[in-house]
Amino acid sequence: MLKGKNIVIGLTGSVAVYKICELIRLLVKAGCNVDTIMTESAAKFINPYLIEELSQNKCITDTFERVAEFDVKHISLANKADMFVVAPATANVVGKIANGIADDMLTTTIMATKAPKMIAPAMNPNMYSNPIFQNNLKRLSEYEDYIILPTGEGEMTCGDFGSGRMLEPKEIFARIKRELSYEKILKGKRVLVTCGATMEDIDPVRFITNHSSGKMGFAIAETAVSMGAEVTLIKGNTTAEMPYGLNVINVKSAADMFEAVKANYKNADYIFKAAAVADYTPKEKALNKIKKADGNLSIELKRTDDILKFLGENRKEGTKICGFSMETEDLIKNSSKKLTSKNVDMIAANSIANKDSGFGTDTNRITIITENGNKELPLMTKEECACEIIKTLTEM
């Protein structure tokens, strides 16, 4: 989704600068062209040649550096950028940018670019909490084209503890991806997503569950955020790596998920119920571990609440709902019944008959079912499926 994007990274004099090597690697792997600018102090922490090796582009360190061809570098990089990222961003550089000071290559280039600008602060907790620095951050955040990333909390290199740790490279990469991957067709919209497997306790040790990894639901949530939505993710048990920076409500059982959905569905413009919710739960949970004994054991089960049916019957006017269906046989027939019986707008039907589709895989074979007909998608990554599913629902 980032292939061909031009990212300019400004590196400043923080001990966290070494982490940017991993960010550059992730961006290049995603197909981005990465140009870098280092301040004089940044070059004292890390050798520019290492940055050049990773980015496969010359690292600019001097505003007045002589070049073989006539090229005003700060203007050419400013015009080229799809995004300008300052990471790590020291208090000094943030103060310069916020007050319009352009006295080196980094600050002159960011002053000249019209691209979105992302700031990833990194500094001592006392510096980070300093009201002068916070005022500078606030000033930048008031500009529409500036994206101020939060900081983490923890122990610093100096031994102090508090806020001021730069976000990890994977988190910064995820934020860049969100900003540049998709058109913001969901800007101003609220999206509710359920994902993962529910776990129904038999006793304090054992439970009933399924093989859902959460990958499809995570892809829906991440893509919706990238399209500009405010997303609430209700998450059961998952084994896949969770996207960064989502508003997550963790639940365990089908009953827990039902209560969380009831508490959050009313304000949603779009609902994607991708969770694999248990249809049955033990009628009674044993207070103690059930001990092994001779003979067979029977566990009486009862039906769980039908969350999708509840949503279909209680939706607010204008809300669009997509349910998910996973079948081993009669995919279209069974999923089409679900469309009408649950009173929803769309079913994303997924067969698990093939090894490249279904639980735990990175790809899916989705058929989108609506009252206007069916659309069979080719084998796609789950992120590509998420994009098609969201676009189809928003266009209805």
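**The sheet and the core**

Author: Six strands make up an open sheet with parallel pairing, in the order β3-β2-β1-β4-β5-β6. Strands (E, at least two residues) and helices (H or I, at least four) are DSSP runs numbered from the N terminus, and two strands pair if DSSP finds at least two bridges between them. This is a predicted model, in which local features need pLDDT of at least 70, side-chain atom pairs count only at pLDDT 80 or more, and totals for chains, interfaces and linings use all residues. Residues are numbered from 1 along each chain as its sequence is written, and side-chain values use heavy atoms, without hydrogens and water.

Reader: Which strands stand at the edges?

Author: β3 (59–60) and β6 (146–148) do; each has a single partner strand, so one side of each lacks a neighbour in the sheet. Elsewhere, β1 (residues 6–11) and β4 (residues 83–89) run parallel and are joined by four bridges. Gly 10 has Val 86 of β4 as its bridge partner.

Reader: What does a nonpolar core consist of?

Author: A nonpolar core is a set of buried (under 20% relative accessible area, 1.4 Å probe, protein chains only) Ala, Val, Leu, Ile, Met, Phe, Trp, Tyr and Cys residues joined through side-chain atoms within 4.5 Å. The largest here has 35 residues, and Val 191, Ile 220, Phe 272, Phe 324 and Ile 389 have the most contacts inside it. Its largest share, seven residues, comes from α10. A second, separate core of 33 residues includes Cys 32, Ile 46, Ile 51 and Ile 172.

Terms used: Buried < 20%, exposed > 50% of the residue type's maximum accessible area, 1.4 Å probe, protein only.
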